[in-house]
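Trainee: Please show me the model. I would like to go through its helix packing with you.

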Amino acid sequence: MDTMLNASGLVANGRRVWRRVVESARLCCGVPDYDNYVRHLKEEHPERPVPDYATFFRERQDARYRGGSGTRCC
Amino acid sequence: MKGGIAKLAWAALALLGAVCFAVLALRRGESINALWIVTAAVAIYLVAFRFYGRFIASRVLEVDATRATPAFAHNDGLDFVPTNRHVLFGHHFAAIAGAGPLVGPVLAAQMGYLPGTLWLIVGVVLAGAVQDFMVLVISSRRDGRSLGDLVREEMGQAPGTIALIGAFLIMIIILAVLAMIVVKALAESPWGMFTVIATIPIAIFMGIYMRLIRPGRIAEISIVGFILLLTAIWFGGEVAVHPTWGPAFTFSATEITWMLVGYGFIAAVLPVWLLLAPRDYLSTFLKIGTIFALAIGILIVMPELRMPALTQFTDGSGPVWKGGMFPFLFITIACGAVSGFHALISSGTTPKLLANETHAPYIGYGGMLMESFVAIMAMVAASIIDPGVYFAMNSPAAIVGTDAASVAATVSSWGFVVTPDILTATAADIGENSILSRAGGAPTLAVGIAQILHSILPGEGTMAFWYHFAILFEALFILTAVDAGTRAGRFMLQDLLGNFVPALKRTEAWGPNLIATAGCVGLWGWFLYQGVTDPLGGINMLWPLFGIANQMLAGIALMLCTVVLFKMKRDRYAWVSIVPTVWLLICTTAAGWIKLFDPNPSVGFLAQANRYRNAISAEELIPPSMDFGAMQQVMISNYVNAGLTAVFMFVVFAVLFYSIKAIRKARSVGDRTDRETAYVALQPHEVNV
């Protein structure tokens with residue numbers, strides 16, 4: 001019983017870590033978490049249309065290199 | 001009881017660091033394992049983070065777990081998002097890590113591994129990490145505003161504008177020096193050239209896929225892109241030995257310079273999704289992956305350091321770069337110990353994503369410790385290769401000669417015994433025609449990385465593969481930085497020029513866009529071109545200029561931190577930022593002064609310019625210049641470099657003047673005068689994110 005619980009716990013843990021890894025990798029490319037954005041829009045601005053992931057991604061891609069934020073380090 | 005055990009563990013860790021440090025410092029004349037350096041560094045980083053980092057957080061800045069960060073106050077799901085601290089750590093580290101921490105230690109290794117290693121460890125703990133962390137907190141308490149805005153708000157309009165102009169010039173120098181590293185790595189190397197050119201169609205394919213075919217699927221196309229890259233590296237080896245294609249991809253340094261300038265212009269005006277963004281993603285993942293691979297490689301291979309702890313070049317006569325340990329060691333090792341550019345990141349995207357102020361030490365201080373660790377690994381990579389090979393690779397041809405026999409003879413006469421056979425065999429191992437005089441850091445580092453990776457995954461011909469993998473990894477993120485930097489520089493230039501000609505401010509219009517882009521590319525292209533064509537110039541001319549500029553920017557950021565501490569009425573803790581500020585100002589002004597006025601022409605810009613001017617008027621040719629036109633050019637570039645150094649010194653002294661003024665004013669009043677945004681409490685459920 002215990003081992004089963006542990007196993008499912010491990011899987012859940014692994015999933016959570018993997019989600020964080022994906023989130024980090026996307027953020028390194030300047031793309032924040034999409035699900036979080038959708039949740040934010042629904043909670044705070046229900047009147048605004050929710051963009052699909054493709055639109056969201058394109059907007060973020062353009063925003064990353066718009067003046068100022070393009071400074072990359074040495 | 002539990003606290004007691006923890007205290008014991010920390011004490012043991014501190015002792016371990018001290019012992020490793022002592023071994024490093026005291027053992028001479030016998031080779032030492034790289035693990036001593038790595039262990040000393042990691043132990044000291046952990047202790048510094050736990051005690052000094054936490055001291056700055058709780059006592060000096062009084063970070064407040066209940067204070068709403070901009071991510072909560074302005075949460076928009078896009079730029080301002082409360083982010084998990086580990087995720088944000090990754091983002092911040094990916095943004096600050098670049099070519100600087102890799103190249104600086106390689107160049108500094110000419111004095112032996114010890115001076116550079118000591119400064120990397122001490123510098124990061126007392127200066128670099130302090131700067132990154134403090135700027136992050138200061139910016140976070142001001143809605144995540146940028147460094148220029150912060151200087152303007154806390155010190156006034158004039159120093160704000162001066163700092164902005166300084167930042168623009170520093171950016172130009174950085175772009176030139178980065179491009180120079182690529183030129184030095186790719187000149188006369190058909191294999192390297194082919195793989196780097198191949199990244200362009202690969203990136204465009206990825207860009208189209210991500211934008212139009214399956215939008216936003218970064219992971220799958222990055223894996224495809226990575227496989228294509230490896231294929232390109234393998235295929236590059238075939239191209240290099242091909243009788244027609246090999247010579248077709250062989251270019252001189254000057255040709256590559258012109259190609260880079262043209263490329264920089266085109267890449268900066270193309271839509272970002274087509275070339276810049278996909279290559280940016282690929283280079284980010286490759287960078288992080290290679291850093292991990294290198295760390296694991298060093299732990300598995302446990303290589304011996306073959307470079308002595310100290311060489312005779314600590315006296316300033318070294319062939320790689322001229323100048324004594326003080327101040328030039330502290331200028332050469334730029335980013336791994338302290339980097340002004342990080343202040344731009346710490347006041348850029350990171351503070352807008354910070355979920356809680358208590359995460360700031362981990363991200364700001366910890367992120368910089370990680371960067372310093374990367375620099376330590378670069379120092380290890382440079383020190384495990386045969387010192388004779390190191391000096392053959394990094395000394396200019398004017399000093400050591402151009403063929404293997406004379407280079408081996410010269411380098412051996414310095415006490416680093418090497419035979420011509422070893423030099424040609426090393427070149428053959430890595431699949432290049434020659435390894436001589438490839439200063440710039442990247443090729444040396446690539447040889448070190450290739451040796452480490454080759455020890456883990458040995459095999460016939462794999463050394464050459466790993467060498468070109470390492471070259472590609474550096475070229476890729478350098479070119480990305482050049483693209484993105486040119487774009488950012490264009491916006492800065494439009495902003496600056498727009499003050500005089502308002503029409504130029506329109507960033508969407510094609511005319512001003514092209515003019516500003518051409519201006520930006522022209523500026524860094526000019527420095528690159530003069531560095532490549534000047535027989536005595538190149539990396540040993542541009543790198544000190546870059547180091548001075550970068551450390552001066554750090555000085556400006558730390559002066560801002562000091563002003564803010566006084567304005568917050570935390571005078572008794574102001575030494576935390578004053579100590580590194582004073583040290584950086586001493587180093588940079590001493591270096592700037594020497595670079596300007598030293599009578600030795602190989603060190604002082606003005607002495608060199610005057611030497612050429614006198615020779616031209618006396619109609620004497622100074623070899624290796626072929627004609628007076630070339631000498632004219634050397635003279636002009638030395639005057640320009642002198643002018644630029646003077647401007648940097650003016651910028652830093654101007655900011656110092658305004659800082660002192662602001663501090664005196666702050667001390668004359670009884671209340672806090674800093675411009676922190678008003679305290680807003682986090683909701684209870686927002687505290688634990």
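Trainee: What is the handedness of the crossing in which α7(B) passes α8(B)?

Mentor: This is a predicted model: local features need pLDDT of at least 70, side-chain atom pairs count only at pLDDT 80 or more, and totals for chains, interfaces and linings use all residues. Residues are numbered from 1 along each chain as written, with chains lettered from A and ligands numbered from 1 in written order. A crossing is left-handed if the near helix is turned anticlockwise from the far one by less than a right angle, right-handed if clockwise. For α7(B) passing α8(B), the crossing is right-handed.

Trainee: Are α7(B) and α8(B) roughly parallel or antiparallel to each other?

Mentor: Helix α7 spans residues 147-155 of chain B, and helix α8 spans residues 157-186. Their axes (lines fitted to C-alpha atoms over the stretch in contact, angles from 0 to 180 degrees between N-to-C directions) lie 7 Å apart, at about 160°. Over 145 degrees counts as roughly antiparallel. α7(B) and α8(B) are therefore roughly antiparallel.

Trainee: Which residues of α7(B) make the contact?

Mentor: Contact requires C-beta atoms, placed from the backbone, within 7 Å. α8(B) brings Gln157(B), Pro159(B), Gly160(B), Ala163(B), Leu164(B) and Ala167(B). α7(B) brings Gly148(B), Val151(B), Arg152(B) and Met155(B).

Trainee: How many residues of α5(B) are buried?

Mentor: Buried means 20 or more other C-beta atoms, placed from the backbone, within 10 Å of a residue's own. Helix α5 covers residues 100-108 of chain B and is mostly covered. Pro101(B) and Leu107(B) are among the buried residues. The count is 9 of 9.

Trainee: How many residues of chain B are in contact with chain A?

Mentor: Chain A contributes 27 residues to this contact. Its α1 (2-28), α2 (34-44) and α3 (53-64) each supply at least two. On chain B, the number is 46.

Methods: Helix = DSSP H or I, 4+ residues; strand = E, 2+ residues; numbered from the N terminus. Parallel < 35°, antiparallel > 145°, perpendicular 65-115°, else oblique. Contact = placed C-beta atoms within 7 Å. Buried ≥ 20, exposed ≤ 12 C-beta atoms within 10 Å, placed from the backbone.
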